[in-house]
Amino acid sequence: MMVKMTVQGGLIYLTLTLFAATVIARRGGWRAIGNAFWGTGFVAAVASVAWRGLHTGHPPMQNLFEFFLCMAAALWPLSVWSRWRNGLDTTVQDALLGMLILVPAGFVFGEEVRRLPPALQSALFIPHVGSYVAGYVLLARAALMALPLFRRDVADDRMRQAETASRQTAVVGFVLLTLGLFLGSLWGKICWGHYWQFDPKEMWSLATWLVYAGYFHERLAHGVRAPRTLAALLWIGLLFIVLTLTWINLSRLFAGMHNYA
Amino acid sequence: MRKLLNRWTGPAPAAWLCWALSLGAVALAFPGAERAGAWMARPVMQAGVALLALLFGVVGARAVLRRRFDSALLHVGCACVLAGWLMGRHAVRHASPDHPCIGSMVMVDGEESDRLWEGPMLDRSVGRLPFSVRLERFFVERYARNSDDRDAGRDAPVREYRSRVTITEPGRPPYVANVRVNEPVYVRGYHIYQMSWGHSTDRLGRPIVYTVLQVIRDPGLRLVYAGFTLLFAGILFFAWRIFRIQGTSAREVPA
């Protein structure tokens with residue numbers, strides 16, 4: 001945990017504050033004010049990415065810190081897209097997700113450029129990790145969008161809308177998850193000599209992928225006859241993602257080839 | 001018969017199969033990579049994977065007949081990946097001393113060899129390669145030492161290590177290649193990897209630096225990559241369909 005006393009840190013904390021203000025304003029019923037905060041938060045997030053690019057002199061996509069900044073800036077366009085495409089208002093959940101993304105960027109990741117060990121010096125680093133991070137963000141959004149499916153009192157067309165939106169978001173997340181898995185195994189072949197080593201993190205990622213594969217099969221088999229099952233599956237998938245990011249990454253029980261800390 | 005096939009290759013049992021496999025993958029995460037790999041190398045597990053590949057093939061073929069090309073690409077892709085993996089395992093099982101599959105070579109500057117070794121001390125001979133490798137020179141480069149390193153009283157971390165080797169293949173003039181981490185060299189069906197390096201002493205007690213190269217042959221690799229490509233194309237197609245059908249019917253016909 002460290003606080004960044006730099007322009008970069010200031011921009012990140014400004015964005016975080018604006019995202020938090022969005023949530024508070026919307027929850028308090030001040031819709032227009034909340035939307036204004038959300039839009040301003042996007043401008044701050046873009047400024048933070050732009051500052052990073054100007055400051056380092058390279059496109060800000062070369063490490064996880066930079067990638068998280070980009071993800072936070074991508075949320076406002078995503079929520080606008082959801083409103084245009086599915087007629088859903090996802091502002092509050094996207095702002096919460098943005099805060100979740102910016103906390104590691106603001107307090108955990110270092111701003112200085114890390115001295116990478118030889119194994120991580122690869123053109124596949126950012127595409128591999130980036131696909132996963134972007135996929136995880138979209139799958140988290142899909143789970144949040146599926147929340148109305150749990151309720152019994154929701155109108156039929158409202159439920160359909162939520163189901164379609166969550167499935168469309170989930171399929172893009174699934175594409176990115178697949179891409180991340182493939183790029184990872186390609187990199188594994190180039191770096192470790194084999195594309196699949198039964199490494200604990202590989203196995204958990206495969207398990208996550210299979211949960212979502214099961215979700216799409218379930219949707220094909222039974223349509224929307226069991227909306228709660230579909231929503232539950234998206235939440236189980238999210239649980240797997242959270243486990244992969246926390247327990248598997250941090251526990252010594254799963255020591256493996258992905259330990260580069 | 002046809003009804004039975006329809007029922008058992010449809011998406012409903014497939015969903016359950018996905019979740020069962022998911023639990024299996026979780027179970028394999030606990031024993032660690034080495035034991036999980038050894039477990040999957042057993043004949044029973046290989047037969048299970050072969051059966052799964054066959055099932056994917058059948059589902060893919062049926063999807064072609066039903067003109068569901070996204071599903072066809074996806075399932076045939078999965079079948080190819082599994083079949084490619086099985087081919088690799090088969091090659092490992094049937095490797096011979098004159099056609100080895102996987103092994104390592106430990107070398108110091110100036111040494112030449114075509115022998116591969118295995119075991120924790122790399123003292124069990126695996127076989128001979130169809131070419132020889134001569135280590136011209138091994139390089140280790142470090143990052144510039146910063147204040148953190150000085151405070152901790154340590155060397156800066158390693159930035160790069162690489163082996164400059166001369167490869168001699170029969171019927172070809174010898175040539176020089178650099179083996180780096182993340183940059184294997186491909187020779188006659190074998191990939192040569194920069195695995196690790198270390199310090200030791202020679203017989204006279206003088207310090208030496210050695211390099212460890214790993215050499216791997218995997219005849220199933222192309223099939224696995226072809227499978228990845230098909231699978232990914234299928235998933236893109238599937239995603240495109242999900243976006244296209246929106247608004248026409250929320251409850252579309254099952255595959």
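This is a predicted model: local features need pLDDT of at least 70, side-chain atom pairs count only at pLDDT 80 or more; totals for chains, interfaces and linings use all residues.
Chain B comprises 7 helices and 8 strands, and the chain is divided into domain 1, which takes in residues 2-94 + 220-244, and domain 2, which covers residues 102-217. The centres of domain 1 of chain B and domain 2 of chain B, taken over C-alpha atoms, are separated by 36 Å. The radius of gyration of chain B is 25 Å, whereas a compact globule of 255 residues would have a value near 18 Å, and along the principal axes the C-alpha atoms fill a box of roughly 75 × 50 × 40 Å.

Of the 255 residues of chain B, 42% count as buried, and among contacts with a separation of 6 or more, 53% come from residues 24 or more positions apart. The chain exposes about 14400 Å², of which 60% is supplied by carbon and sulfur atoms. Its charged side chains number 33 positive and 21 negative, with the centres of the two sets lying 14 Å apart.

Most residues other than glycine have a negative phi. In B:Leu122, however, phi is positive, near 50°, and this residue is placed in the loop between strand S2 (112-118) and strand S3 (124-142) of chain B, where B:Leu122 is partly exposed with a relative accessible area of 24%. B:Asn182, likewise not a glycine, has a positive phi of about 70° and lies in the loop between strand S5 (175-180) and strand S6 (185-187) of chain B. B:Asn182 counts as buried because its relative accessible area is 10%, under the 20% cut-off.

Technical notes
Residues are numbered from 1 along each chain as its sequence is written. Chains are lettered from A and ligands numbered from 1 in the order in which they are written. Side-chain values use heavy atoms; hydrogens and water are left out. Helices (H or I, at least four residues) and strands (E, at least two) are DSSP runs, numbered from the N terminus. The radius of gyration is taken over C-alpha atoms; the globule rule is 2.2 Å times the number of residues to the power 0.38. Buried means under 20% relative accessible area, exposed over 50%, partly exposed in between (1.4 Å probe, protein chains only). Contact means heavy atoms within 4.5 Å. Accessible areas come from the Shrake-Rupley method with a 1.4 Å probe; for residues, only the protein chains shown count as cover. Lys and Arg count as positive and Asp and Glu as negative; His and the chain ends are not counted. The place of a charge is taken as NZ of Lys, CZ of Arg, CG of Asp or CD of Glu. Domain bounds come from an automatic or database domain assignment.
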